[in-house]
Every structure is written in C-alpha cells, then in structure tokens.
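Biologist: Please take a close look at the ligand site. What surrounds the ligand, and how is that part built?

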Amino acid sequence: MIVSIIVAVAENGVIGSDNQLIWHLSDDLKNFKKITSGHCIIMGRKTFESIGRPLPNRTNIILSRNKNYKTEGCIVLDSIGQALTYSKKKGEEEAFIIGGQAVYNAAYDIADKLYLTKVNASPTGDAFFKKIQLDHWKLISHRRIKRNEHNDFDYEMMELERKKS
Ligand SMILES: NC(=O)c1ccc[n+]([C@@H]2O[C@H](COP(=O)([O-])OP(=O)(O)OC[C@H]3O[C@@H](n4cnc5c(N)ncnc54)[C@H](OP(=O)(O)O)[C@@H]3O)[C@@H](O)[C@H]2O)c1
C-alpha cells in the first residue's frame with residue numbers, strides 16, 4: 001500500500017490559522033477530491049472538526065488519543081500505525097494523510113508520495129508543514145495555476161515520489 005501526504009503549503013510553511021484553511025483555491029480542492037475519492041483518508045481530530053463532516057465517498061479515519069471520541073460516519077483510531085493497518089486490511093492501495101500539522105509531522109518520514117500544492121503567499125498562521133527537502137523527492141507531475149476569481153493566489157500543484165536511498 002502506498003502512503004501519500006496531500007497538503008497545501010504557503011512559501012513560509014504556513015498551512016492553517018485558528019484551525020481553518022486560509023485560502024480558497026478552487027482547482028486545488030477539485031484535485032483533492034479527484035485524487036482522494038474512493039480511498040482511505042487519515043486526519044487529526046482538529047482537522048476533522050475544522051471540516052465539520054465526513055468527506056463523502058471516502059473512508060474517513062480520524063486520529064485521536066481520546067478513547068471516548070466518536071463521530072458518526074468515521075473510524076476513530078489512536079495512531080498512524082493503526083490507521084495504516086486498518087487501511088491495508090480493507091485492501092486499500094493508496095492511503096492519504098490529509099493533515100493537519102501534528103499528523104503530517106507523524107507521517108512525513110514514512111510517506112511514499114507527496115501531493116504538494118505550493119501557494120505563492122506568506123500569510124500569518126499557527127499551523128506549519130516541515131521544511132521539504134525537494135532533493136529527496138522525484139517530480140512526477142507539475143501544474144501551475146494563476147490567481148483568478150476561483151483561486152486566491154498563484155500556486156503550483158506537484159506530485160512527488162520519495163527517491164529510493
Ligand atoms: N493546508 C493544508 O493542506 C491543511 C490540511 C489539513 C489541515 N490543515 C490545517 O492544519 C491545522 C490543524 O493542525 P493541528 O496540528 O492543529 O491538528 P490536527 O493534526 O488536525 O489534529 C491534532 C489532533 O489529532 C490527534 N492526533 C494527532 N496526531 C496523532 C497521533 N500520531 N496519534 C493519535 N492521535 C493524534 C490528537 O487528537 P486528540 O487531541 O483528540 O487526542 C491531536 O490533538 C488547521 O489550521 C488546519 O486548517 C491544513
């Protein structure tokens with residue numbers, strides 16, 4: 001099973017503020033939906049609460065260390081390892097880590113693929129993605145989107161695969 005991270009990161013590493021996304025990037029959202037539909041998505045409890053509902057047509061796995069945390073339409077587990085084991089047992093071929101900061105940090109070193117949206121902005125925020133060493137990753141595809149009425153900023157969407165060491 002492939003483990004993939006999907007994330008949108010500003011030039012200064014910011015990914016969110018006050019448990020919210022800080023931009024509207026329509027093409028990026030469409031891409032997120034297309035790539036993750038039909039798959040297991042793994043997210044932190046705070047990201048789930050920020051989204052506010054299970055995302056349709058996907059197996060929503062929420063990570064929480066609170067044994068009593070339950071929410072309808074989602075699986076709640078207490079580690080990345082458990083979430084990946086669950087996904088594998090379901091026959092998943094590509095599981096997606098969809099955030100936020102804490103979960104990206106826990107999964108970064110084991111991810112095989114990175115769907116990276118680099119946003120041409122430096123907003124204020126309180127959630128960050130770690131510095132990506134692009135030379136550890138092989139570029140598979142690359143698309144540039146210009147700022148327009150549907151996209152708040154210029155950005156680049158990249159698909160990267162971890163280089164074998
Ligand atoms: N730009 C993007 O692509 C993107 C994507 C997603 C989210 N975000 C942003 O990221 C921010 C949220 O990040 P965050 O770090 O504050 O929260 P988070 O990672 O979404 O959730 C943190 C919570 O998840 C649980 N958790 C995290 N790691 C765990 C682990 N290894 N094992 C078990 N449980 C674990 C804990 O829940 P309990 O406290 O219940 O134990 C923890 O408090 C928001 O601003 C959001 O908008 C950005």
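Modeller: A polar contact here is a pair of N or O atoms within 3.5 Å. The model is predicted. A polar backbone atom of Asp78 sits 3.3 Å from a nitrogen atom of the ligand. Alone, the ligand would expose 930 Å², and the protein buries 85% of that.

Now the shell. It holds 27 residues around the ligand, and the closest are Ala8, Arg45, Thr47, Ser64 and Arg65. By class, the shell has 11 nonpolar, 12 polar and four charged residues. Four elements each supply two or more residues: strand 1 (2-10), strand 2 (14-16), helix 2 (45-51) and helix 4 (101-107). Helix 4 gives the most, with five residues.

Strand 6 (residues 94-97) runs parallel to strand 1, joined to it by four bridges. One of the bridge pairs is Val3 with Ala95 of strand 6. Strand 7 (residues 113-119) is parallel to strand 1 too, and seven bridges join them. There, Ile6 has Tyr115 of strand 7 as its bridge partner. To return to the ligand: strand 1 is among the elements that give two or more residues to its shell.

Conventions
Residues numbered from 1 in each chain as written. Predicted model: local features only at pLDDT ≥ 70, side-chain atom pairs only at ≥ 80, totals over all residues. Heavy atoms only, no water. Near = heavy atom within 4 Å. Polar contact = N/O pair within 3.5 Å; in protein donor to acceptor, adjacent residues only side chain to side chain. Areas by Shrake-Rupley, 256 points an atom, 1.4 Å probe, with all protein chains shown as cover. Nonpolar A, V, L, I, M, F, W, Y, C, P; charged D, E, K, R; others polar. Pairing = 2+ DSSP bridges.
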